[in-house]
Amino acid sequence: MSGGHRNLAAGAVLLAVGIGYGLATALLPDRTLPDTPGPAFFPWLIAIGLIGLSAALTVRGLTAIRQRDGDVAGYRLPRRGWLALVGFAAYLLLLPYAGFVLASVPFCGGLVALYGERRPVIVLAAAILIPLMLFVVFSTGFQVLLPRGAWL
Amino acid sequence: MTGDLLQGLLQAIQPASLAATGVGCLLGIVAGMIPGMTISAAMIIVLPLTFVLDPNVSIGLFLGLYAGGMLGGSFSAILLNIPGTPSSAATALDGYPLVARGQAGRALGMAVSASFCGGLFSALCLFLIAPRLADLALQFRSADLFSLVFLGLTIICSFASRSWIKGLLSAVIGLAIVTVGQDPVMGTARFTFRDPNLLSGVHFLTALIGLFAIPQLIENLHGNSPGGAIGLGVPGRPGSPDSPGSPGGRNGTAPAAGAIELRKLLPAFADLRRIRLPVGIGSAVGTFLGILPGAGGPIAAFISYDYAKKATGRGDRFGQGAVEGVAAPEAANNAVTGGALIPMMTLGIPGDPVTAILIGALLAHGLAPGPLLFVERADFAYGLMFSFFWANVFNLLIALAGLRLLVKVVAAPRTLLMPAVAILCVVGAWSLRNSIFDVYVMFGFGLLGLAMKWLDMPVVPLLLALVLGRQLEENLRIALTGSQGDITMFFTSPFSALFLGLSVVSVVWSVVGARRQRAP
């Protein structure tokens with residue numbers, strides 16, 4: 001996707017967010033003294049800024065597409081990046097139910113492999129030892145109550 | 001004041017504080033040396049540790065990390081020609097040619113000595129300027145404070161030079177996020193969607209962990225090889241930055257640390273005499289630019305390098321391995337740290353992302369940086385200054401004593417480091433309030449950070465808006481309430497007018513600077 005298309009897509013999304021934010025601001029209770037700014041005052045300023053700047057970004061995107069400008073290779077998430085993000089999301093969903101150690105072991109093992117480790121023994125050892133070590137350090141050493149899991 | 005000063009000194013020399021400062025320096029040097037690991041990311045990693053520590057101890061750890069990170073960045077700049085931090089980019093210009101000539105020890109010794117001098121000079125300025133500035137700041141009213149925070153926000157301009165629209169959008173998104181939760185004046189719930197988790201708003205540190213750490217973790221997945229070691233070498237050797245198949249020297253073979261000459265770390269007397277002027281220039285420029293919001297280490301380092309090149313009369317040797325070219329930027333980037341602490345401590349205005357994290361960490365301990373810190377917790381404020389002094393001393397000692405071992409750390413396998421960092425991010429977000437909601441918010445901010453990267457939108461404006469947004473709204477509304485909606489008081493109050501004038505100067509400076517950069 002070219003720089004122009006990116007700007008257009010982001011501008012359109014942010015414009016929608018800005019309009020939504022403005023609508024939510026309009027619903028805020030307006031309890032305040034006369035001639036003084038209420039709780040909606042600042043959000044209104046932000047909504048105006050957000051809508052104006054998003055519109056400007058959209059226009060810039062459209063202009064770039066028409067002029068075929070900005071066709072430079074931008075940042076692309078690598079395939080392993082997508083895998084890491086999906087793994088991260090699954091880990092966070094599992095965390096409250098499985099607890100810190102049980103949820104962290106497969107996540108850590110997966111990441112070690114994604115970062116390029118191919119030796120199964122190292123992957124397995126890291127997957128078990130890293131979460132276990134962090135659990136001991138934080139729960140015993142620093143008295144942080146890490147998620148224990150729904151099964152406990 | 002004397003009592004507070006003594007109390008601060010006692011706090012800073014407690015064994016736990018000293019140990020934390022030393023450990024912070026060590027971690028900072030290591031983090032700074034690892035290309036791709038920023039000081040901000042290192043601070044975020046240790047964040048969960050600090051919640052359970054005493055504030056004096058945790059601030060020592062953070063200050064050690066800050067000062068150590070600046071120094072560590074120069075090591076990889078000198079040895080690998082890859083600046084560990086943006087502030088050490090100028091150091092590589094002469095540091096790496098020295099390594100190529102087989103004088104790695106001399107280059108590193110110069111960097112360590114100059115960093116120490118720059119850090120000490122800025123610590124002295126911190127002691128002399130900060131209490132006086134805090135006294136002055138106590139006279140500020142809401143209108144002045146609004147204009148001051150507005151001045152702080154103009155830092156955004158220096159990060160938005162590539163695209164004003166995207167820089168400003170980033171800041172506006174940050175301000176919108178700040179409005180979630182109870183409003184700061186009347187306590188009205190805004191944009192909470194009746195979720196009690198959102199009543200207290202989005203925790204700044206949760207956002208910070210996600211914004212910085214997750215994109216960093218994904219970034220480190222690029223182009224890694226089995227083993228994932230970060231190469232270290234000298235020109236022409238496997239693993240060196242210029243060797244084939246080793247892009248940037250990050251993914252080469254095992255380090256050739258032993259091959260690098262590190263015997264002569266202690267600088268020769270003749271070299272010390274030669275770097276007097278560059279160190280003086282770097283220290284003064286670094287401290288001054290550190291105080292200015294947004295200027296930061298990279299600018300200070302390059303300006304000092306340029307001044308030193310002109311002032312020493314050996315400009316023709318710069319870029320070919322001149323020790324003055326290592327000393328000036330190194331003194332400058334370490335002096336920036338002390339300079340940046342001045343507005344952070346006295347006005348609550350962060351000069352860079354690292355001081356923004358420091359503010360967040362202090363707030364997590366119930367300590368609000370600003371002029372009142374010198375009234376309500378003057379002992380802590382002085383303790384912080386003494387800890388910063390110790391951080392510079394520890395930097396020197398650790399670097400000189402352990403450099404041979406430290407350079408091997410550059411070869412630490414990312415395959416083990418990065419997964420540990422990912423789990424630490426979760427622990428950090430969880431530890432704030434023992435809430436899974438904060439962990440989800442952290443992940444959400446990580447996705448936002450990646451989206452911003454995809455769009456080439458700067459993250460720092462969003463970060464600054466998260467730090468300063470609440471103060472901006474609070475002071476604006478209180479000032480307008482006091483004047484019954486009359487906005488002229490922002491221009492009639494001398495302090496407010498001064499800050500607004502400086503804001504204009506800051507914006508114009510950024511615009512002119514950006515145009516100069518774009519000019520062919």
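Colleague: What does chain A average in pLDDT, and how should I read that value?

Modeller: Start from the general idea: where pLDDT is low, the predicted coordinates should not be read in detail. This is a predicted model, and chain A averages a pLDDT of 87, with 92% of the residues scoring at least 70.

Colleague: Which elements of chain A have the lowest and the highest mean pLDDT?

Modeller: Helix α5 (residues 120-141) of chain A has the lowest, at 89, while helix α4 (residues 100-114) of chain A has the highest, at 94.

Colleague: How many helices and strands are there in chain A?

Modeller: Chain A holds five helices and zero strands, so read from the N terminus its elements simply run α-α-α-α-α.

Colleague: And what do the contacts and the surface of chain A look like?

Modeller: Of the contacts in chain A with a separation of 6 or more, 64% are between residues 24 or more positions apart. Buried residues account for 42% of the 152 residues in chain A. The accessible surface of chain A is about 8,400 Å², and carbon and sulfur atoms contribute 72% of that.

Colleague: Which residues form a nonpolar patch on the surface?

Modeller: Look at Leu124(A), Ile128(A), Leu129(A) and Leu132(A), which together have about 370 Å² of accessible area. Take Ile128(A) as an example: this residue sits in helix α5 of chain A. Membership in a patch calls for over 30% relative accessible area, and Ile128(A) is partly exposed at 39%.

Colleague: Let's move to chain B. Is Ser435(B) buried or exposed?

Modeller: Buried means under 20% relative accessible area, and Ser435(B) has 15%, so Ser435(B) counts as buried. You will find Ser435(B) in the loop between α18 (414-433) and α19 (436-454) of chain B.

Colleague: What is Ser435(B) in contact with?

Modeller: Setting aside neighbours within four places in sequence, Ser435(B) is in contact with Asn197(B) and Trp430(B). There is also a local detail to check: a polar atom of the Ser435(B) side chain lies 3.1 Å from the backbone nitrogen of Phe437(B).

Colleague: Where is Phe191(B), and what is its phi?

Modeller: Phe191(B) is in the loop between β2 (189-190) and α10 (204-219) of chain B. Its phi is near 50°, a positive value in a residue other than glycine. With a relative accessible area of 11%, Phe191(B) is buried.

Colleague: And what is the phi of Asp456(B)?

Modeller: Asp456(B) has a positive phi of about 60°, although Asp456(B) is not a glycine. Asp456(B) belongs to the loop between α19 and α20 (460-482) of chain B. Whereas Phe191(B) is buried, Asp456(B) is partly exposed, with a relative accessible area of 41%.

How values were computed. Residues numbered from 1 in each chain as written. Chains lettered and ligands numbered in written order. Predicted model: local features only at pLDDT ≥ 70, side-chain atom pairs only at ≥ 80, totals over all residues. Heavy atoms only, no water. pLDDT = per-residue confidence, 0-100. Helix = DSSP H or I, 4+ residues; strand = E, 2+ residues; numbered from the N terminus. Buried < 20%, exposed > 50% of the residue type's maximum accessible area, 1.4 Å probe, protein only. Contact = heavy atoms within 4.5 Å. Areas by Shrake-Rupley, 256 points an atom, 1.4 Å probe, with all protein chains shown as cover. Polar contact = N/O pair within 3.5 Å; in protein donor to acceptor, adjacent residues only side chain to side chain. Patch = residues over 30% accessible without salt bridge, like charges linked within 9 Å, V, L, I, M, F, W, Y side chains within 5 Å. Salt bridge = Lys/Arg side-chain N within 4 Å of Asp/Glu carboxyl O.
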